[in-house]
Each structure stands twice: as C-alpha cells, then as structure tokens.
Amino acid sequence: MQQGKKVDVIGIQMDLGASRRGVNMGPSAIRYSNLVEKMKDLGLSPRDCGDIIPRIPQDEGEVSMRHAREINEANERLYRAVRESLRAGAMPVVLGGDHCVAAGSIPAAAEELGEIGVIWIDAHGDFNNDKSTPSGNMHGMPLSAVCGCGPEAMVSFSKARIRPKHVAQVGARDLDAAERQRLRENGVSVFSISDIDKLGMAEVMRRAIAVAGGGTRGIHLSFDVDAITPEAAPGVGTPVHSGLTVREAFLAAEMLAESGRVVSLDMVEVNPMLDAFNKTGALACELILSVLGKTVY
Ligand SMILES: [Mn+2]
C-alpha cells in the first residue's frame, strides 16, 4: 500500500446478530494490540473514527430475523461512515462486531466505487435469508443480503448489490443444507476447506482474487476469524474444528495485499470473552496489518 495512504479504523460494537454475546468487545480487543500505532509504523496515515454502538433492544423482534431493527439501524450508521471514508480517499477498516456489519460496509463500498467483488473468508457461508435460516441469527445472512438474495430488510438503506459471480467464499467447512443449495443456485464461487487441502491456499487465493477482482473496481475483504482453526483463534462465537492454519490465513492476507485490489475490509467475530489472553484479538490485528502491506521481507 502506498506510503501515507489514509486508513480509517471504524469500530462497531455489534453482537445482536449472534446468539452468544461478547463480540461487541471485538473492536477493543483488536485495538488493544496497538493497531493504530502499528499502522503508523507501516507508513500509513491512520485515523481512529471510534465505535458505532447499536441501541439496546427492548424485545427480540421477528423470530426469523432477531433484532433486525437495531441491527439495521446501526448498520445504516456504519454504511454512512464507510461511504464518507471512501469519499475522503481513505481505506475503511471495519472492526466488528459480528458478521452482520458486512451488510453495512459492503453496500457502502459498492455505492461509492461501483461494481466491486467480495472475498468472504469464513468457516460459514453466511448465505441464509429469513426463509432459509435455521436460527434466526442475522450474522448468518449478510452475504446473501448484499448479493440481493435477501433479506432485503437488512440492506434497505442502499440500492447497491454485489453480483454473486464476483463473490468468492474461502474456507467454508460448516454450511447449512439450504444454504449450500442457495450458494450454488446463485453462482457464488465457494472454495471450501477441502479445496484448500487439495489445491493449496496460494492457488485458492489466486482463483478467489480472479473471481472478485476480474472486471471489478476492487475487492472488499470480509474476514471472519472463525475461518482460522480454533486452537489458534479460540476467541470466536461459533468455532468449527479443522480450520485454516495461521500461516494459511497470513498467506491469504499477504496475497490480497500484493494484488493491490483491496479497497475496504472488515475483521469480524472476535469474542474476547472466549479468548485466551487476547490471542485472537492480536491475530486479527496482525492480519489487518498484513492486508495493508506488512511483509516479512
Ligand atoms: Mn461469518
């Protein structure tokens, strides 16, 4: 990334999309590892924009879209903050919070930049809508929502949608049956953990960057730390065994940096309540720095 590049750190203390509380403290945990100072050390010009704080819900709302009202209201604030950041020539770095927040950041990037692609690194597909969801937890829906596959209510503040042919899901290892079918029907490129085993992370990332970067104005990276294996990233709400190694995660981040195509990013689902001495928060911080161009040599 070019020296002096403006980077806006935007936290969002969202944990209404998950059934387990605690990811709202994710932004603090990531900052605790000196994120902003380390960005300066890389020669960037970071600005900490503080956190967006959702309203406390008074009831659960709809069963199939729990806390939709409060989630959408906070996401609309995030949407405005990300748009402002891009308009000012900065790169927005969104610290979640649960993965719901991508329904605010991605439409903002698409609205400002035009046709963009998305790389979604995650153990889960997050491709349910209010009809297919087994849980009603909205953090399982944002990728579907930003692709225009519902729930529309989740992105009602924006008209910008992502074309599924420009979406690469990387690291899937726990998909619901209906979700798997919906990903296929809508033409999302899914690079599951078995693809990574067979092809290697480098080849998977080359393909993912081609999917999201080919014919687009840039790539939005949405990184869910539960993509990484729980031994290395224990501080997540929905752990799944046998995930990415730490090196595979860094390789992905480094290849994205090398591509020069990343225009905005989310780092989500760090849960400090379940973490071990901020291991996961520190890892999330370092992964962000790698995406921004930190290299070993
Ligand atoms: Mn996710």
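Student: Is Asp122 buried or exposed, at its relative accessibility?

Tutor: This is a predicted model, in which local features need pLDDT of at least 70, side-chain atom pairs count only at pLDDT 80 or more, and totals for chains, interfaces and linings use all residues. Residues are numbered from 1 along each chain as its sequence is written, and side-chain values use heavy atoms, with hydrogens and water left out. Buried means under 20% relative accessible area, exposed over 50%, and partly exposed in between (1.4 Å probe, protein chains only). Because its relative accessibility is 0%, Asp122 counts as buried.

Student: Which residues does Asp130 touch, not counting residues up to four places away in sequence?

Tutor: The C-alpha atoms of Asp130 and Arg66 are separated by 9.7 Å, although these residues are 64 residues apart along the chain. Contact means heavy atoms within 4.5 Å. With residues up to four places away in sequence not counted, Asp130 touches Ser64, Met65, Met141 and Pro151.

Student: Is Asp224 buried or exposed?

Tutor: The relative accessibility of Asp224 is 2%. Asp224 therefore counts as buried.
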